[in-house]
Amino acid sequence: MQHTCVVRYLLGLLVIHATLLKAEWNTKDFLKREHSLTKPYQGSGFGVPNWDFQGSTMVTSNYIRLTPDQKSKQGALWNKIPCRVRNWEVQLNFKVTGTTRDLFGDGFAFWYTKERMEIGPVFGSKDFFSGLAIIGDTYSNHNTPNHQHPYLSAMVNNGSVSYDHDKDGKHTMLGGCQVQFRNMNHETWIAIRYENDKLTISHDMNNKRAWAPCFSTEGVKLPTGYYFGMSATTGDLSDAHDVISVKTYELDTAAGVPKEERPDIQPESEFIAAAPKEKKEESDRPSMSGIKTFLICLLVVLGIIVVGVIGIMIYQNQQENNRKRFY
């Protein structure tokens, strides 16, 4: 009897152990190593396997620094291999630090785009991009009363819309949330999840190993075959922008949802067509400061006075001529 109990106990342990091994195996099976980046970064040569970097980017043993805490720097890190899966999740471990408390900038961006390795004005990468941008904006150009910075937001573009820095991308923003990720003493993470045309952004800024929601939106169509990347920029203000790790997972596709690639579709969201119209309507509206309005009113008043004085002088001159003829 005791022998039978021991055998059953050992069999139970084997089943539990096999289950744990299977779960561990499944986790690693879905991790897309060709799209991921972990320490140690460097391979046999001087480069980073499967990744290219440019600009001010510097690779160290503990982090990849896109920009140092210096003015007017741009750097980027791009995956060499296009992503061929329909549903994916990227978990980005990053760090933003600086020496100032109140004035800092400009920010960083995560990319899933058709183009790669093109330095430009949108947080270190090109404008009029085709794909998805997740932007961590640390400096407010618009001074909007709706939220403070740093601010995490998303934009989908088909190459036809420009990112509006002056408005902090307000007219093309799919959604966003205020996040305090700067000068943290612990790890900071964001998760970009794209599943069945639904985009979900989450974050862990409190080192709790649990995702807090930022925003979620449906109806986002992204092609397969685009590239993952990260970029950052500084201007008159600066911060150090570091990438610690990138973990990319392939997600299960629900039953009935096509699994095949779709490289020929255009990136799509409800804001792509609306953005130029909104910007045009806003640009058509008159916009004058108080000083301009005062000067225009002053000129109008002076003009009326000048016309009135000239009219009085002409009238008096005519009256004088009439009196001379009478006498």
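How many bridges join S2 to strand S3? Select residues 64–67 for strand S3 and you will find two bridges to S2, with the two strands running antiparallel. (Strands here are DSSP runs of E with at least two residues, numbered from the N terminus.) In this pairing, Val59 stands opposite Ile64 in S3.

Before going on, a word about what you are viewing: this is a predicted model, where local features need pLDDT of at least 70, side-chain atom pairs count only at pLDDT 80 or more, and totals for chains, interfaces and linings use all residues. Residues are numbered from 1 along each chain as its sequence is written, and side-chain values use heavy atoms, leaving out hydrogens and water.

**The sheet**

Now widen the view to the open sheet, where seven strands follow the order S2-S3-S14-S5-S10-S11-S12 with antiparallel pairing. Two strands pair if DSSP finds at least two bridges between them. At the edges sit S2 (58–59) and S12, each pairing on one side only.

**The disulfide**

Next, select Cys177 and Cys214, which are joined by a disulfide with an S to S distance of 2.1 Å. The term means a pair of cysteine sulfur atoms within 2.5 Å, and the structure holds one. Cys177 lies in strand S9 (residues 175–178) and Cys214 in strand S12 (residues 212–218), so the pair ties together parts 37 residues apart in sequence. The torsion about the S-S bond is about -110°, so this disulfide is left-handed. Cys177 is buried at 12% relative accessible area, and Cys214 is buried at 13%. (Buried means under 20% relative accessible area, exposed over 50%, partly exposed in between, with a 1.4 Å probe and protein chains only.)

**The aromatic rings**

Rings of Phe, Tyr and Trp (its six-membered ring) pair if their centres lie within 6.5 Å; planes under 30 degrees apart count as stacked, over 60 as edge-to-face and the rest as tilted. By this rule there are 11 aromatic pairs. Phe94 is in strand S5 (residues 88–97) and Phe108 in strand S6 (residues 107–113); both residues are buried.

Then pick Tyr112 and Tyr226, whose ring centres are 5.5 Å apart with planes at 40°, so this pair is tilted. Tyr112 and Tyr226 are both buried.

Technical notes:
Helices (H or I, at least four residues) and strands (E, at least two) are DSSP runs, numbered from the N terminus.
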